Amino acid sequence: MKFQIPIGPQHPALKEPISLRMTVEGEIIRDADIRLGYNHRGVEKLAEERNWTQNIYLTERICGICSHSHTTCYVQGVEKLMELAPPRRGLYIRYLVGELERVHSHLLWLGVAGHEAGFDSFFMYVWRDREIVMDLLEMISGNRVHYAINAIGGVRRDIDDALTAKILEGIATLKKRSEYYLQLGANEPSFVARLAGVGKLPKERAIALCAVGPTTRASGVAIDVRKDDPYAVYDELDFKVATADTCDVLGRVVVRVLEVFESYKMIEQMLHSLPDGPVAVKAPRKAKPNEVVSRYEAPRGENIHYIKSNGSDKPERLKVRAPTLGNYPATVEMLKNGFIADIPLIFAAIDPCICCAERAVTLVNARNGEESITSFGDLRRRALAGHHNAPLKGNAVWPF
Amino acid sequence: MTDDELIEKIRKDLAGQALEVLHPDRRRIFLKVAPEALVSAVRLLRDAYGFTHLSTISGVDKGETFEILYHLATTDTTVHVRTEIPKSHPHVESITPIIPGAILYERELQDMFGLSIDHIPDPRPLVLPDGWPAGNYPLRKDWKFERPEEIIPGGKS
Amino acid sequence: MKIAAFLPELVRHLFKKPATVDYPFKKLEVPEHFRGTPFLRPERCIVCRACERDCPAEAIEIATVNEAEKTFRMVIHNDRCIHCAQCVDSCPTDPKAMDMDILFEIADFDRHKLKKDWVYARAVIKPKPAPPKAPAPEAAPKP
Amino acid sequence: MAVLRTLLYLVVYPGLIFLFFYSTFCEWFDRKVYARLQNRMGPTHTGKFGLLQPIADFVKLLAKEDVVPEAADKGLFTVLPIVGLAIVSTAALLLPVWNFDLSAPGMTSFSGDIIVVLYLLSLPTLILFLAAWSSTNLFSTIGGTRVLTMLFGYEVPLFLSVLSPAILANSWRLAQIAAFYQRRPLLILPNLLGFLIAVVAVQAKLERTPFDIPHAETEIVGGTFTEYSGKKLALFRLMMDIELVVSSGLLAAVFLGGFPGGALLGFVSFAIKTLFVIFLLALLRAMTSRIRIDQVITLAWRYLAPLAVLQLLIVILLKGFLS
């Protein structure tokens, strides 16, 4: 018997609204479809109406986890448009925050993977240790999530020696803990049984479907913008691109944990060779008409911004492609012929950060399976009517 | 292969088709082709130079025309294939048969600019809601969003 | 692969102090430069409106109360504020008229109570001995 | 007098009132241990050490709106939580905690009560399946089929492993089995393997990690309970809590030598032994990740069932050796 199960727009496995339609046969998924549009905020249109400075904070709010990657991608593009050269120290701090963000994002993901697999203890421990890096980011920037440390022409805050020592100390602890989690993740039988061989994405399909980030790297394709298109400080740093060739969720876990180790290495390198000098230069308010493509390796993969200026203090066009969108076609491929039980794991394995969409609700009539779409306004009206017609709560009978 | 060598080769291979080749920065090559030559140009880039990775497709409303940029990348460099189509006849051929990963970007382009991608395998709307009124294309410059007046009990100030 | 790989770690933590904090009763300290809520020092504000112009969330509103007496009213809508502190960066005065404190528990049932407003006369900065370089163009009020 | 005594037995101890409070205490204990194993606090503020938290949750659920899906079989949907609660409470009465006489079988302690308890413990699974099926929700339906699929996995190892100590004690009566092991405590040791198998199987019966597959929230939302709300959900949760007490009580009675010493001392040993079993269950819950339904069946039939048979073999050989 074939039937469709709707995962989303509201579902405990999804932290943000997206709709996955699964056609299943028993416990096996035969077909998958992704519907977006539940969360569309019109960022690109909005950006055309704000000035260059305001847009930093707008792009920051594209994503709550990789907030720094969007601003960095935007800011390094705008700096090219304005022909600014940020001071070395500013750049080092900017990419230091970028790597710390990668650590926090990957640890967050590792915990979520544990949670999706029902391994809540693992999730609790990983997130407890993730607090170390969150606290470091808070000390550097003054905030835990939206660091707002980027400014056009550099960064907004400097770090001193005491903070440097604290970061090094935190990284040393995290290194130890990450090693433990790598050991644990590879040794706990029930966890490995859930991850190994799940969500296969062969190398040629990963390339054809233009997947990005750890998803592709776990299929043995070594693409990493930091290596391929080394921006700012990355050609001065010594790091490896972590890959795995198992093409499954376990491979994605391994790639991410290995990347965390590379990030620790890079953070130490950056802190040890932190140049002196100012952290920012003053930026003009306007940019000459030009266009620029800015690429950044976000924790989830390649982030690309296309920015076009028209000589005013506002961009003519800002095109944002967040890495998750690039991974959706590959996700559909991975879900096919998997188990229902693996949906959250496979979907979580691309580390989804759903930042494109809107409001509509699908009602499925349980008796005849008819689907109807209700708009938000209509739902609201229904809710209000239901509320008005409902008996007064004060008269409700207390159950005992 | 350095950028200059690549540009040289592209110029030779796309002799009649490359309308303009710009090289503003390291690893950034902007190539302009006519809309008819788009598919063959992308196919050539994929097959001859290994540009298998499509980063995204950007659309820009330039008043009378739409400009579409296909951001292609290899591990060495990036090529941004640009084409311009008139607003009066906004049709462009789908590149999904060549690069399957392009499907979502093409659907997004259809939604946001109201151009039609010919022979796209899956033309359903992607990012706009189901009840979205037809003929509204948010990223066109003539589409203005009127922000509904914010109702805060007691007013804004 | 080994059975019960997690066991030693779990049992080790059984009698350890919890890592979580009993939040509403005990609080963690925020770091020194934490970005809390913005506030204005009205005696220093020269009404250049740089903060109003650069605020990404349109949370700052400056209205003229009396043109002749040069009195103004600034409202910070904390219900819109995204706590980015761009207003502090944009503020050209030295010391800054806009600043951030470390308050973060500002939630309320009524968004009106989140507003803060100041009615004040415009400050006049005395010309400094060395002419300021950067802030000068910023200080010019926007038409 | 006998009537009063029976009434006391049914309602106060070890009947409904005791069960209610003890099962909420066990839930608190389980939650607290689970939280402490994860370096968290667990329930803290409701009552001393958060002891009243499960009761507060129960009361809160009772006060919540009760929604019955339009397409559901309303009668069945409503009656199932009550029937389920009744079944597990009945099973609890059969535990040899108080008021049993070894020589004279009575209403609550008779030859074969171990089988009756096991069957009464199987029924909640069917109740859950019916509840899932009658709510017509897609996620519930999947949850329901998973409940039944899992039943075929853990039931056989559980029965085999629980019955082997009974065979050694040569009795089908819980009180007598317990008395046998109280007399010869060393004979508890040969049943250790069976005890471990039974703990794993009970974990599966109670649908706790790694076997929380029927209501795996990240996969199928609430699974069996997706459509349940308010009072009905409260009753179901209470049912699961009491099932936890009964199953751990059963394991304690069969494997750990029962609860000797009359009302007071018996209660103390009951508490200690059940809490020990619940601690093991909590540890197992903290230690593992949820496995897939096919992996449950593989685990049960490839490892648990053969090991249970091995345990049976050991017991039979031992019995021959002893006699």
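1. The cover over the buried residues of helix α2 of chain B includes β2 (28–33), β4 (65–73), β5 (78–86) and β6 (91–93) of chain B. Those buried residues are B:L38, B:A41, B:V42 and B:L45. A residue counts as buried if 20 or more other C-beta atoms lie within 10 Å of its own, as exposed if 12 or fewer do, and as partly exposed in between, with C-beta atoms placed from the backbone. Contact between two residues, on which the cover rests, requires their C-beta atoms, again placed from the backbone, to lie within 7 Å. Helices (H or I, at least four residues) and strands (E, at least two) are DSSP runs numbered from the N terminus.

2. On the basis of the note: this is a predicted model, in which local features need pLDDT of at least 70, side-chain atom pairs count only at pLDDT 80 or more, and totals for chains, interfaces and linings use all residues. Residues are numbered from 1 along each chain as its sequence is written, while chains are lettered from A and ligands numbered from 1 in the order in which they are written.

3. Helix α2 of chain B (residues 38–49) has 12 residues, and its first and last C-alpha atoms are 16 Å apart, close to the 16 Å expected at 1.5 Å a residue. The expected span is 1.5 Å times one less than the number of residues. The buried residues B:L38, B:A41, B:V42 and B:L45 cover an arc of only 95° around the axis, so they lie on the same side of α2(B). The arc is taken over the directions from the helix axis to the C-beta atoms. B:D47 and B:A48, on the other side of α2(B), are exposed. Just after the helix, B:G50 adopts a positive phi of about 75°.

4. Apart from neighbours within four places in sequence, B:L44 is in contact with B:D13 and B:L14. The C-alpha atoms of B:L44 and B:I10 are separated by 9.2 Å, although the two residues are 34 residues apart along the chain.

5. Chain B contains an open sheet of 5 strands in the order β1-β2-β5-β4-β3, with mixed pairing. Its edge strands are β1 (18–25) and β3 (53–61), each of which pairs on one side only. The twist from one strand to the next averages 20°. Two strands pair if DSSP finds at least two bridges between them.

6. Two helices lie across strands of chain B. α2(B) lies across β2, β4 and β5, running at about 175° to β5(B). Helix α3 (residues 103–113) lies across β3 and β4, running at about 10° to β3(B). For these angles, axes are lines fitted to C-alpha atoms, for helices over the stretch in contact, and values run from 0 to 180 degrees between N-to-C directions.

7. In chain C, an open sheet of 3 strands has the order β2-β3-β5 and antiparallel pairing. β2 (60–66) and β5 (115–121) of chain C stand at the edges with a single partner strand each, so one side of each has no neighbour in the sheet. Neighbouring strands of this sheet are turned by 20° against each other on average, direction ignored. β2(C) pairs with β3(C) (residues 71–77) in the antiparallel sense over 6 bridges; the bridge partner of C:N66 in β3(C) is C:T71.

8. The contact between chains A and D takes 30 residues from chain A and 29 residues from chain D. On the side of chain A that touches chain D, the elements giving two or more residues are α4 (88–116), α5 (120–141), α7 (189–195) and α13 (343–349) of chain A. α5(A) gives the most, with 5 residues. This side of chain A divides into 18 nonpolar, 6 polar and 6 charged residues. Ala, Val, Leu, Ile, Met, Phe, Trp, Tyr, Cys and Pro count as nonpolar, Asp, Glu, Lys and Arg as charged, and the others, Gly among them, as polar.

9. The contact between chains C and A takes 19 residues from chain C and 20 residues from chain A. The side of chain C that touches chain A has 13 nonpolar, 2 polar and 4 charged residues.

10. A:A222 is found in the loop between α9 (213–217) and α10 (225–228) of chain A. A:A222 is partly exposed, with 13 other C-beta atoms within 10 Å. Leaving aside neighbours within four places in sequence, A:A222 is in contact with A:R217, A:V241 and A:T243.
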